[in-house]
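Here is a short note for a colleague who is opening this structure for the first time. Please keep it beside the view while reading the points below.

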Amino acid sequence: MRIAPELVEEIVAHAREGAPNECCGLVSGREREALSVRRAPNLFASPRRFEVGGLPGLLSEIEADGEEMIGMYHSHPRSEAYPSQTDINLAWGWPGILWLICSLAGDEPEVRCFEITDARVDEVELEIAGA
C-alpha cells in the first residue's frame, strides 16, 4: 500500500489519543493507494478489540469523495503490530481490504499493513510516499 506520511501520522495520533483503548478507522483511496483516513469511534471502547462505529456514514463520505474503502486501521496499545486471532476472525467479513495496525507497545509507534484472506495473514509493503 502506498500512503502519505501525514496519513500515517494521523493514524499514530489517533492511536495515542485512544489509548489505552484500541482506536479504529477506515482508509480510502484507489486500488492500493491511500488518499485519506477517516477516524471512527470504537464501539467496544476496549484495549483488546474494536468495532467501527458510524460505518454507513463513513462509507457514504468515501463514495461522495469518489474514493473506495481500501483498508481498515486499528491500534494495538500493548501488543505488536500483527493481526490477533480476533482481527483474523473479523477479516472474514471484509474480503479484499487491507488491514493497518498501529502498535504503541515499543519505544516508537509501528504501523504495518496486512492482507488477511481465509485466515491466512500476509504482510503487505507499506510504502510511505515521499519518505
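1. Glu31 lies in the loop between S2 and S3, where helices (H or I, at least four residues) and strands (E, at least two) are DSSP runs, numbered from the N terminus. Its phi is near 55°, a positive value in a residue other than glycine. Glu31 is exposed, with a relative accessible area of 69%; buried means under 20% relative accessible area, exposed over 50%, and partly exposed in between (1.4 Å probe, protein chains only).

2. This is a predicted model, in which local features need pLDDT of at least 70 and side-chain atom pairs count only at pLDDT 80 or more, while totals for chains, interfaces and linings use all residues. Residues are numbered from 1 along each chain as its sequence is written, and side-chain values use heavy atoms, with hydrogens and water left out.

3. Strand S2 (residues 24-30) is mostly covered, since 6 of its 7 residues are buried. S2 pairs with strand S3 (residues 33-40) in the antiparallel sense over 7 bridges, two strands being paired if DSSP finds at least two bridges between them. The two form a hairpin with 2 residues between them, and Arg30 has Glu33 in S3 as its bridge partner.

4. S2 also pairs with strand S4 (residues 68-76), again in the antiparallel sense, over 6 bridges; here the bridge partner of Leu26 is Met72 in S4.

5. Most residues other than glycine have a negative phi, and most peptide bonds are trans. The peptide bond from Ala19 to Pro20 is cis, with omega near 15°, and Pro20 sits in the loop between helix H1 (5-18) and S2.
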